[in-house]
Each structure stands twice: as structure tokens, then as C-alpha cells.
Amino acid sequence: MTRVLLVDDQALVRSGFSLILSVEDDFEVVGEAGDGATAIELTRALRPDIVLMDVQMPVMDGIEATRRIVAEDLAKVLVLTTFDHDEYVFDGLAAGASGFLLKNSDAEHLVEAVRTVAAGHALLAPQITRRVIEQMVAGERQAPSERRPPDDRTPSAELDVLVEPAGTHTARQQMAAPAGLALLTPREREVLELVGTGLSNAEIASTLYLGEATVKTHVSNVLAKLHVRDRVQAVVLAHRVGLV
């Protein structure tokens, strides 16, 4: 049973998510929060497996709440937002989110996304994955100097309140040339290259003529040796060190 905490400042949205997930036998919605600060408190108290996290909320936004939840290793976070902008994904992943999904995804994709993250895999909406990777690798994004309250709920207003978490730039520099890269076997390095191109375990297995279970083991070894949290970080790392 996967325990899920729903975080969104709109009660109707939370009710919709709850209805979708509650009909599944393997999900249990353990609580709801309307802002990031409450989300942190409930995550500490309820210890859900997955937090579905909105981005723009009162009191504390979803990016900062995600950063704190992940820093305390309380739960995996799947960020949900209405707007298809690279900045939201970038900030969410930099804060430690395990995935990103647009709110206009259908019920089937929402359920699949929660199951994917619960299984320990990273997830991004397919239509934005490559743009985000390119942006993270190039290091072109500049964070705002300070948070400003938005004038409305338009995408341009929300962009102004997303601030890169403290220490992220240093973390990126350390991740650029991990010592663990030299510890990879030739096969693990090959698997990392294919992960870096965005292939799934099944696609890697087909490419290398291996069993999917074998590929899964290789991926796990790669993540452990490189000290990266999930496939998203592995993809970014593969691009940064020139494997892809």
C-alpha cells in the first residue's frame, strides 16, 4: 500500500486527486494540505510514501516545501503544476523532487506517475524532459535574486516566486565530475550512457540484449556508485560529463 499526501491550495483539486487515487487498491490517501508549511508538518506526522505537491501556494510554495521534505528524507515528492514551463521542473528537481507531472494529465497518467515514483524511479512529463536536461546541463538559468509575491496566478507571475535553493549551485559543481565515475564497470558505463539518452530499463535491455532484471541491477549499481538519488540526476550527470 502506497501512502499519499495531497498538497494543493485548491480544495476541489485535492478532492479530485483523492477520488482518483482512492479507487485504486494499492493507494491510501493519508492526508491533505493547502500550503507548503502544513505539508511539511503533515509529512513529518503521517510519514507518507509520496507527496503530490503543487507549486504555487500561500504561506510556503511547493518548491521550498519539497526542498525541506527531501532534506529530511521524509518522503518522495511528485511535483504537480498547471503550467508547462521549464523553470518549474528545474526548480522542483533541484529541490529534490522525484518527478514532475502537469495537472492536465489524465487520471491514468496520474496513477501511473505515483506508482512510478513509489517504485523508486524518476519521472518527468515526456514533452519537457529534453528541454529541462539541456537547460540544466548548459547552466543557463539564472535564479531570481529574491522572492516577490505574484500579482496573480498567471504563469509569468509564478516564475517570479521560484528561487533556486541555497547550495544548489555548489551541489551541481560537485556533481559535474563524480569520483564514482571511475568505479563503473564498462557495462555500467554503457548503461549510464543509455540512461542518459532517456531510455527505460526495457529499452536498455533490448538495446544491449540483456534481461530487464539485469539492467535494473546495473542501474542500481550506477546510482549507488555515483551517489545520485535517481535516474533524473543520472541523466543530468551523463550529459555533464560528456557521456551523451
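**Chat about the fold**

Tutor: At 76% relative accessibility, tyrosine 209 counts as exposed (exposed means over 50% relative accessible area, buried under 20%, partly exposed in between, with a 1.4 Å probe and protein chains only as cover).

Student: Where is tyrosine 209 found?

Tutor: Tyrosine 209 sits in the loop between α10 (201–208) and α11 (212–226). Helices here are DSSP runs of H or I with at least four residues, strands are E runs of at least two, and both are numbered from the N terminus. Tyrosine 209 also has a positive phi of about 60°, although it is not a glycine.

Student: OK, and what about valine 59: buried or exposed?

Tutor: Exposed, with a relative accessible area of 72% for valine 59. Valine 59 has a positive phi of about 70°, and its place is in the loop between β3 (50–54) and α3 (62–71).

Student: Before I go on, what should I know about the numbers?

Tutor: This is a predicted model, where local features need pLDDT of at least 70 and side-chain atom pairs count only at pLDDT 80 or more, while totals for chains, interfaces and linings use all residues. Residues are numbered from 1 along each chain as its sequence is written, and side-chain values use heavy atoms, leaving out hydrogens and water.

Student: How many helices and strands does the chain have?

Tutor: There are 12 helices and 6 strands. Buried residues make up 48% of the 244 residues.

Student: Switching to the inside: which residues touch the most other members in the largest nonpolar core?

Tutor: Val7, Val51, Met53, Ile69, Val77 and Val79 do, in a core of 25 residues. A nonpolar core is a set of buried Ala, Val, Leu, Ile, Met, Phe, Trp, Tyr and Cys residues joined through side-chain atoms within 4.5 Å. The elements that each supply at least two residues include β1 (2–7), α2 (36–46) and β4 (76–81). The largest share, 3 residues, comes from α3.

Student: What is valine 79 in contact with, leaving aside neighbours within four places in sequence?

Tutor: Its contacts (heavy atoms within 4.5 Å) include Met53, Thr66, Phe100 and Leu101. A second, separate core of 20 residues includes Ala205, Leu208, Val219 and Val222.

Student: And how many residues of α12 are buried?

Tutor: In α12 (residues 231–240), 9 of the 10 are buried, among them Arg231, Gln233 and His239. Just after α12, glycine 242 takes a positive phi of about 85°.
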